[in-house]
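Please look over the sequence and the structure shown here, and then follow the sections below.

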Amino acid sequence: MTEYIRKKVFRLKTLTPVHITDGYEGDIIPTEYVISEAGQLHKINLSMLINKLPVDLLSALTDLIDKEDFVGIRSFIQSAWKTSPDIFSDCIEYSMNAGDVKIYYDNLQNENVENQLLVTPFIRSARKIFVPGSSVKGAIRTALISNNLAKSIDIKPDGKSVKHDAQMLESDTLKYSDVIKDPLKSLKISDSSTSNVEGIVKKVYVMSKDKYGKFNADNMKDLKIFAEFIDSGVEIDIEARLDTRYFSVPNGLGRTLLFEDIRNSCMAFYKRVLIHERDKFFKDFDNQINNSKVSVLYDEFLSLNEEPDSFLIRIGKHSGRNSMSLNLINKKGIEPKSRKFILKDGEYLPMGWVKVIVSE
């Protein structure tokens, strides 16, 4: 290893399911996927499928398209898949475990156009799921900034000035006057392909607390939000590098960054998040909702966060405002009144928690 490069391996172990989307592909709709009896969701290339349809089926589909009959089109795709699966063999782009969406797909005839069963896929490269290093680096950045602020801040949530105030706060905290001196430039975290890991589609439940502090689990059942997740218990290795040349050159970066700084900042910040979320939301949630043990789970996470050569972070979509921003130390911060969960083995799980185990 070149002497100015400091390298560590970060083994990410998902403690709860993680969802990361690039926001580019958008959602896949039932005219763009089929589900097998074995429970696999197959993303299909609709253009290729149309080219392979026999004349009679193509004529029927064209008629539905001309009528803009969305429900008819998705029923046509579902029926064609069940009766002539060989037509689809060359049209499948990638697959995932259909999970929670399968039962709804099997009963599509009962679903109207408003309930389109959209599925948000995990970010992919070469059609394979991967965990972007930028997501991990973003979680570290939030922790570094928060942990280096000695006192609460005062950013008024008044629109355009928020972004500017946050940027100024960040540069002051990390001690850089312009973006080219940002000390996080020295940290490079690789993307990691997970070719041996399959995604699973889970329904996202939104739980809100009313002004009286009461929860209503029935409200969660009506929403149909589906996304592809990496399940809990998955381990993924990524490489983290610190380039010390950034700290030694004349007019170098604002501050030196060490792996010890990263671990200490993440431990402190995510400990604060865990305690706050547990005490302000999940204790009441567990008391009111059957089969919920999130506060106990957070106690376990707090212990994991203290283990040697490791720390916790939270990544991906649906991680919540308190985990992804400086909300907890903002005097003008607004306490979120809702949280998002998935349901696994009868228990509610917040999303995005990852243990990072550090090795040479």
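Ile44 has its place in strand E3, where helices (H or I, at least four residues) and strands (E, at least two) are DSSP runs numbered from the N terminus. The model is a predicted one, in which local features need pLDDT of at least 70 and side-chain atom pairs count only at pLDDT 80 or more, while totals for chains, interfaces and linings use all residues. Residues are numbered from 1 along each chain as its sequence is written, and side-chain values use heavy atoms, with hydrogens and water left out.

With a relative accessible area of 1%, Ile44 is buried (buried means under 20% relative accessible area, exposed over 50%, partly exposed in between, with a 1.4 Å probe and protein chains only). Leaving aside neighbours within four places in sequence, the residues in contact with Ile44 include Thr31, Tyr33, Leu49, Ile77 and Phe88, contact meaning heavy atoms within 4.5 Å. Thr31 lies 13 residues from Ile44 along the chain, and their C-alpha atoms are separated by 8.5 Å.

## Helix H3

Among the buried residues of helix H3 are Phe70, Ile73, Ile77 and Trp81, and what covers the buried residues of this helix includes strand E3 (40-44) and helix H2 (55-66).

## Pairing with strand E12

Strand E1 (residues 5-14) runs antiparallel to strand E12 (residues 235-243), and nine bridges join them; two strands pair if DSSP finds at least two bridges between them. Lys13 has Glu235 in E12 as its bridge partner. Strand E8 (residues 187-189) also pairs with E12 in the antiparallel sense, over three bridges, and the bridge partner of Leu187 in E12 is Leu242.
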